[in-house]
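This report describes a two-chain model, starting with the contact between the chains and then turning to selected sites within each chain.

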Amino acid sequence: MCSLALFPPPLPSGQTTLCESNNELLSGTTTEDQLKQESSPLSLYFPRESLKLHSRTESSSKAAFLDHSETLWMRSAAAWRDGGLTGLLNEITTSHTEVPKWLSMSSGCILALLQKVSSFHGSLFPHLTLSSEDMIAEFSQVLNWSDCVVRAFAWHPHTDKFAVALLDDSIKIYNPKSATTPTLKHRLQRSVAAVQWKPLCASALAVACQNCLLVWHVDPCSLSTRPSSGCAQVLSHPGHSPVTSIAWSPSGSLLVSASPMDTAMMVWDVASESCVPLQRVGGGGVSFLSWSPDGSHVLASTPSALFRVWETRMWTCERWPCVKGRCQSGCWSPDGSRLLFTVQGEMVIYALTFTDTPAGVPTSTSQGPQAAAVVADLSETTFNTPDGDIIVGGEIQSLAWDSTGERLAVLLKGDPHAADRPAIIAVFKTRTSPIFELLPCGFVQGERGAEPRLMQFHPSFQHGALLTVCWSSGRITHVPFYFLSAGVPHCGLSGSPSLPRPQTVPADFANQSLFTELMS
Amino acid sequence: MFSTEQTCWFVRKVICWRAAASTAWAVLLLGPITAALVILGRFSLFHPIQTISECLSLLTSASAVFSLILLCGVILMIGFLNLEYYTVIPTIACSKIALLGQLLHPRQLVNSAVHCVMGIVVAWCCAITIGGRYETLGYTCPQSDGDSSSQMCLNEYHLILLLAGAFVGLSYSLLGVIHNMNYISFHTVQQYKYLRFKGALPLVVKCSATQALYSIRNFIVVYFFLGYIPKAWFCKTLNLYLNSSVHPLDSIAGLLDLSLVYHLWISASFLLFTWHITLVLFRIFVTELYSFPVQSSFTEDAHQCLAKVLNEKQPMILKFLALQDLALLSQHSPSRRCQVFSLSQPGGHPHNWNAISKECLSMLTDLTQRLVAYHDTVATNGRAKSLSTGSERKTSSETSVTSGTEDLMSPRPTLLMKTPASVFARSVVGTPRTPLTAPFTPDLDSPFASPALRRLTAPVEQCSPWFGTVQSPHVMRRGPKLWSTSTDSQVNGSPQSSPASVPSPKQEPSKPSLLAQFLQNRKEQVKNFLAKRVLIMYLFNKLPEASSQALFADSQAHIWALEGLSYLVQASFSEDQFGVVQTALPSILSCMLVLQEAVDRHFKLPHASSKPVRSTGSMGDSTHKTLRFALRATLKTAIYRITTTFGDHLNAIQMSAEHRKRLQQFLEYKE
């Protein structure tokens, strides 16, 4: 079952996807597109040159100072402060001329033993040997995170407001209703891996940083463009860094955070800055989190071939071992009953269905499914375009499902070294009730040479779905999908230019179902 | 509480059983912990096999069984004390003297004494299990004058272990007061008991070990200086002799014995660990969710229904658990929500909903009034402030707040006395610099808690005209005011009082007679004299933000009330068939908005929004220190929950223009 073969072919280069209307994706040339970009206040462009980057890394400043001889005690104290036990042992071992022989010998032995143990541990969980920057890049939902101008993006769940985290570790907040764009900077705000707005709140923005978790309180009525760092709460827990994923509960009361270095997932009560670690053996860390929109489940994937689904009433979890690789990405249907996820190394999308227990019975976990079903196969497919053959498909970087449950966007990794295998966003039409169905919709492409890096659906778009894409060029565009949602009463038709005309559908494959539950 | 005569059914049927279960588990865990103690206490690096065989033989010996039984008794006692002393609302001392008062309270003294004795018992058991030189109090030694006959000598190793046990027990009890160890907080994350216990275990181990280390350090210092007293006393009463050939332990050389320190530390850790385990288990069991029936089919169970239980004032734990259940049912279980929204069978009244919403709203109103009253005491600076009720003052919030805080920072007393009217008003409404900590502290009737003290803390004040003109009639008149305020605010702080009842201008305009003036003058002088003493200042100074903490001490209940109400209202949008919630919606919204305003104003006071230092590595629960932040966040979320659910439908609700404006802010996500 190859799903991509039924897709309409990708656009010729130079053309960009503008929107979906009347059941088809409309495209335009770049010049038209740019005109449109100018008019839209929320479309942004961050050229790489405009950002002031850090010229040096933290560790390199040591070389700028002259070597200064201190006593052994001072050096040991400094090593203990900087490097902990290993640092201290290292210091003692290296300065063997000054310490007694037995001391340097024994510390050398302990050091070797420690290294053996840690390398053994590292061989069990290879990701532990990565540096924190590499680790964020590895587990981030953003494609090629370390080279990305826009590192994280988050729509506010209720209003037309979003936050953009940039390569220079600053966060900008855009609001079409206000003239000010606050820029958030903090000493600890480095290597932002994810940002998310707190639901049922106007001001709180959680930021996953390299060493901690920041929760900014940005007063929407404030005219200040540089909120002070006093507006940020710092949440940190020893051993819990780098934070690669965060998720707010949809009721806005709790925040969970995950770090691949920490086997425990933290549940934060942000107001009181207290946390409850939820620890389970196995997996070697937690890399990605996603809270279901109804608040009942949390997906927590680990760096090894295992992920967990927590239910949030009593915080128990189900283990889901994968065959091939780790769970790379996942998303929930709006009613929280269905989880789609992808596994690293496989080119398919799986689905898990959760049915609630009979209402009111206070039993433990809701009865889960027995196995995941494959709903889409995104293996490589060759399309003939005027520019030559293009191969689309392969591994999946991230998934996004819009809040009405009718469009599913899939960011395909592609191959950065091959010109004919671009990273591309494939969009599916989905239906969740009465049965789950997938239909092809089309590819979303940007201007020439731009590669999609990050995407997110607007959580409360009135006229269908609005997909926001951050491109490798530093541009942020919005692709609206105009349709009438089945779940919403059809009273306001202002969004779609006209009613769908089924007779003008260009090819009949658009209505051909890729997956329905009846098939299986 | 348990000790009161008419115990509630809930305490009898639930809390006691939970306490018993937790103690039983602690007793069961005692076995493995003791085994660990034996191994750690007897471990010798060079004879591992011998250690193990020794340990095995010891564990099966009669003395070990006897000490195990003793330890079980200790755990039962500790469990009983936990049950007797626990509280869900922390007592927060607002000054050092109040803390001292807490420590010297007879009830607390009993607690400390019992812990002390328990500590000795545990230490004795430790001495038995560790064995060796610690085992007995006396031993036979050759007589000092060279005689061949022997006599009984005091074994100082045994003594020092017993004393260490007593010391650690005492410090456990005292630190328990300081860190509010008897306060039981409820977790936001529900977990099964076993998992919660497993999660708490590493912290308990760490805390016990570090606290034992500090206690032993302190003990060693005390023993070094005062060790000869118990030694002499024991020798005298038990007719034992001191062996002069053995080095005394209360010397530097004696205390530098590493193995002795290690054994002291191990036994102190053992003691603290078993007690902490008992405490943690008690907390986990007591705070476990209890599901109250929303509606009962039998009349004899009617008193156990959620609505009935919520309305009860005592015991607090019952109310808290009921509110927790309400918050969770409103969030998670549609069928129980349905019962809340249902109508009574004959009559068709929504009794359940009415009772629940009424109770929640009255709690929230209560908090609002408390906040307003507190704010009035703190923030009004007496500048011809009319004796308004709380609602009036609310409208003029912004300016009075800022000016109040300004004056708190840099008091300018001369300004306050420009008009006689201001003096009157001031005295009634409250002194500017006494945060309303008074009602929450035992020292409210002490003269030293007055502003005169605080003024002294700022050295700039010394040269202010206030001090130079003590004889001025204004000042004379000020004296009685201070007194009247403290009594006033005492009324004020009690939950029943409304802000309207606080200002009573009739009692104020007293014409002070000559004698009274003289006395007042003296009093002022005494106060000034005392205020200059550093120790007294230290004792009576208000701790910053403690008053804020005290104000929100029971806010966990309000948080649940807010959550419960807002989730119920949210669910009513789709689930409420008879529209029972709609009738209460205006009052719920206005109540929340008024509270929101009061909370906002409170957070503009100095110290109110400063974050407390997070104490890690202590078993004491510091949740109460951040309850006000949690309340603020929950309140905002609750209002947003309602506005997001109902959206523009809220425009159809009748409410005052000011509230509508406020609500519009929420609808536009601008709060």
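## Interface between chain B and chain A

Chain B and chain A bury about 2600 Å² between them, and carbon and sulfur atoms give 62% of that area. Buried area here is the accessible area (1.4 Å probe) that two parts lose on being put together, summed over both. The size of an interface is often given in this way, as the accessible area lost when the parts come together. Chain A contributes 30 residues to the contact and chain B contributes 28, where contact means heavy atoms within 4.5 Å.

The rule finds one salt bridge across the interface of chain B and chain A. Lys611(B) and Glu273(A) form a salt bridge, with their closest N and O atoms 3.7 Å apart; the criterion is a side-chain nitrogen of Lys or Arg within 4 Å of a carboxyl oxygen of Asp or Glu. Three residue pairs across the interface of chain B and chain A are in polar contact, both residues being at pLDDT 80 or more. A polar contact is a pair of N or O atoms within 3.5 Å; within protein, one must be able to donate a hydrogen and the other to accept it, and residues adjacent in sequence count only if both atoms are side-chain atoms.

On the side of chain B that touches chain A, the elements giving two or more residues are α12 (316-332), α13 (334-341) and α27 (627-646) of chain B. Of these, α27(B) gives the most, with seven residues. That side of chain B divides into 10 nonpolar, 12 polar and six charged residues. Ala, Val, Leu, Ile, Met, Phe, Trp, Tyr, Cys and Pro count as nonpolar, Asp, Glu, Lys and Arg as charged, and the others, Gly among them, as polar.

## Basis of the model

This is a predicted model: local features need pLDDT of at least 70 and side-chain atom pairs count only at pLDDT 80 or more, while totals for chains, interfaces and linings use all residues. Residues are numbered from 1 along each chain as its sequence is written, chains are lettered from A and ligands numbered from 1 in the order in which they are written, and side-chain values use heavy atoms, with hydrogens and water left out.

## Chain B and Phe234(B)

Chain B has 28 helices and two strands; these are DSSP runs numbered from the N terminus, helices being H or I of at least four residues and strands E of at least two. Of its 671 residues, 54% count as buried, that is, under 20% relative accessible area, with exposed over 50% and partly exposed in between (1.4 Å probe, protein chains only).

Phe234(B) lies in helix α8 (residues 228-237) of chain B and is buried, at a relative accessible area of 17%. Not counting residues up to four places away in sequence, Phe234(B) touches Leu137(B), Leu154(B), Leu159(B) and Asn239(B).

Strand β32 (residues 475-482) of chain A is largely enclosed by the rest of the structure, because seven of its eight residues are buried. β32(A) pairs in the antiparallel sense with strand β31 (residues 464-471) of chain A over seven bridges and with strand β3 (residues 44-45) of chain A, also antiparallel, over two bridges; pairing requires that DSSP finds at least two bridges between the strands. Thr468(A) has His478(A) in β32(A) as its bridge partner, and Leu44(A) stands opposite Ile476(A). Three residues separate β31(A) and β32(A) in a hairpin, and Gly474(A) in the turn has a positive phi of about 95°.

Thr430(A) is in strand β28 (residues 424-431) of chain A and is buried, with a relative accessible area of 5%. Its side chain makes a polar contact of 3.0 Å with the side chain of Trp401(A).
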